[in-house]
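This report looks at a few charged side-chain pairs and at one pair of strands. The structure comes first, and the description follows.

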Amino acid sequence: MTTASDSDPGRPAVRTEGSTDALPLAPTMGMSLDAARMPRRSTLVDRRVLRITAVSIVLGVLAALIARLLTALIGVVTNLAFYGRWSTAFSSPADAVPRLGWWVVLVPVVGGLIVGVMARWGSRAIRGHGIPEAMEQVLLNESKIPPRITFLKPVSSAIAIGTGGPFGAEGPIIATGGALGSFIGQVLKVTGSERKVLLAAGAAAGMAAVFSAPIAAVVLAVELLLFELRPRSLIPVALACVASTGTRYLLQGSTAVFAMGAVTSPGAMALLVYVLLGALIGVVSVWTTRIVYGIEDLFEKLPIHWMWWPAIGGLVVGVVGYFAPLTLGVGYTNIEDILNGRLTLTALAFLCVMKFISWSIALGSGTSGGTLAPLFTIGGALGALVGLGIAAVAPQFGVDPRIAALVGMAAIFAGASRALLTAVVFAFETTGQPAGLLPLLGGCTAAYLVSALMMRNTIMTEKIVRRGVRVPSEYVADYLDQVGVGEACTRDVVTLGSTQTLAEVRRWLAEDVAQTQHQGYPVLDERRRVLGVLTRRSLLDPQWHYTLSLGELLTRPPIAVSEAHSLREAADHMVAESVGRLVVVGKDDPHKLVGIITRGDILAAHARRLREARHSARHLRFRDGLKPRPAQ
């Protein structure tokens, strides 16, 4: 019985905490590591990524066409419901209120009834704004969305919005694009990870097509759907958004969705105001989220079936719409008016309050529609109000109410969803105002900070967290991928010789010394090359005759890992092979035994990460070297 010589004196011996039969019996073929099963080295991309990318590009074009079809469908429903005409033009329900009078109240009620029926007998998944449901499928169901959602979601949303629902078209098209990507991923032979990429590509392409904001759409996919940032997922999603936006350019042109007049870069005092405004909007975003889910909880207590709830929400939408017609429908023109300073102080305050009442109750009722446009309207109006007030009271600060509205619009989304980068880039892409980037970054970050301090979950995750889903909130580099096997493995390894007999080894095991307490022993040949591993259980198994040599007991290739592999690759290899320890071989000499890596070694490697995260200390002490001089 020998011990590997290149051990670290400070490193403990082979651990005994591992599974008793963790390592299966090792090779018999050529009795060398030539046949060893080694983990495949991970690569950034491979040929399958090209296939998924090609599918994603086609998916991006389809998502843009679906987005165009959805807006046309909303136009049809709006024109039929409020004007009694057949047209796909995107019309505002507000213009029909004076003519319809109190009849306008019934239109959203009818829309809510239809959506409730579709949810009851079609799919309950069409309720809500779609993003939480997509997140849930990604996290729990290998991104498998039922195919019927692909057409039920846009139709139900078109009915809800077209009959006056205070929602945006972006949520439904994001959900529809994601459902289409998932459907394609279920038709094709792909992995669960690849299906997730297709889902995210479809969802992001849908958002890019609605708002002509491809970069923001990619970031949204990373922050809310992919839960990772890897080339194999980023490339397909990005190219899907490029294809989607390019298709939009062909169909609708390339002008900014919320065109603004030119603004100038802010001064230092104005920038400070915008950051403080973002913090204020962050508080509003927290309470907005709490109120929305509080209203949803109240609906849960109603003694009637949930199918009728959207009709009740529609009743509130109709009543509010009678007094505040601008709250009806998607309201993209409202956002543009707010950003360009076309609304008075009174109109801004009235729109902000009434839109919030209408949207929060409608969303809490479980109807189908998006959250982005309502949030932008509420946050933009609130930001413009604050900006106008500061500009009137302290003009020396140089606050531009239009930039304040832009910051408010983005900050409320950053706080409510905690998609910080999405909010900043989205506001820039949809307005094309580079002078607003710095205020946006400061204001949205302040809102993000306040939200993270005050609220555990977000408007996107609260619903599914309540169902027991654990949603990642921080995306960090895999620590195990940063540590090499050679750094963590145990090098002080007790080995056995292939020519030894079982009788000899069993007598040695009976001595009950420290070296005999391990659960697995590498077996070496005469040239000190590792042939495999035998477990303690196998060595003591009475079915094997004591005259057998250890070399005769080896039955399959060793399960090994190179010292150059990462701990992530080693851990994945353990799971794939259902073992608890791996032979570690040399980077330059694959026949040389370096050590053993166990599950315990992998867990112990996290000690440094935890220490770096929790232990605080001062390392620079400027006075340490100052000593009093001796008297002359």
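In this predicted model, Arg402 and Asp400 are joined through their side chains by a salt bridge, with 3.0 Å from N to O. How exposed or buried are the two partners? Arg402 has a relative accessible area of 23% and is therefore partly exposed. Asp400 has a relative accessibility of 18%, so this residue counts as buried. The cut-off that separates the two lies at 20%, because buried means under 20% relative accessible area.

Some salt bridges share partners: Lys196, Glu228 and Arg230 are joined in this way into one network. Glu228 counts as buried, since its relative accessibility is 16%. Arg230, at 35% relative accessibility, counts as partly exposed.

Another salt bridge is formed by Asp297 and Arg466, whose closest N and O atoms are 2.6 Å apart. This pair links distant parts of the chain, as the two residues are 169 residues apart. Asp297 belongs to helix H10 (residues 268-300), and Arg466 belongs to helix H18 (residues 462-466). Asp297 is partly exposed at 31% relative accessibility. Arg466 is also partly exposed, with a relative accessible area of 42%.

How many salt bridges does a search of the whole structure find? The search finds ten. Three of them are listed here.

| Salt bridge | N to O distance |
|---|---|
| Arg402 and Asp400 | 3.0 Å |
| Asp297 and Arg466 | 2.6 Å |

The second topic is a pair of strands. Strand S3 (residues 520-524) pairs with strand S4 in the antiparallel sense, and five bridges connect the two.

Why is strand S4 described as largely enclosed by the rest of the structure? S4 covers residues 530-535, and six of its six residues are buried, so the strand is largely enclosed by the rest of the structure.

Definitions and conventions. Residues numbered from 1 in each chain as written. Predicted model: local features only at pLDDT ≥ 70, side-chain atom pairs only at ≥ 80, totals over all residues. Heavy atoms only, no water. Buried < 20%, exposed > 50% of the residue type's maximum accessible area, 1.4 Å probe, protein only. Helix = DSSP H or I, 4+ residues; strand = E, 2+ residues; numbered from the N terminus. Pairing = 2+ DSSP bridges. Salt bridge = Lys/Arg side-chain N within 4 Å of Asp/Glu carboxyl O.
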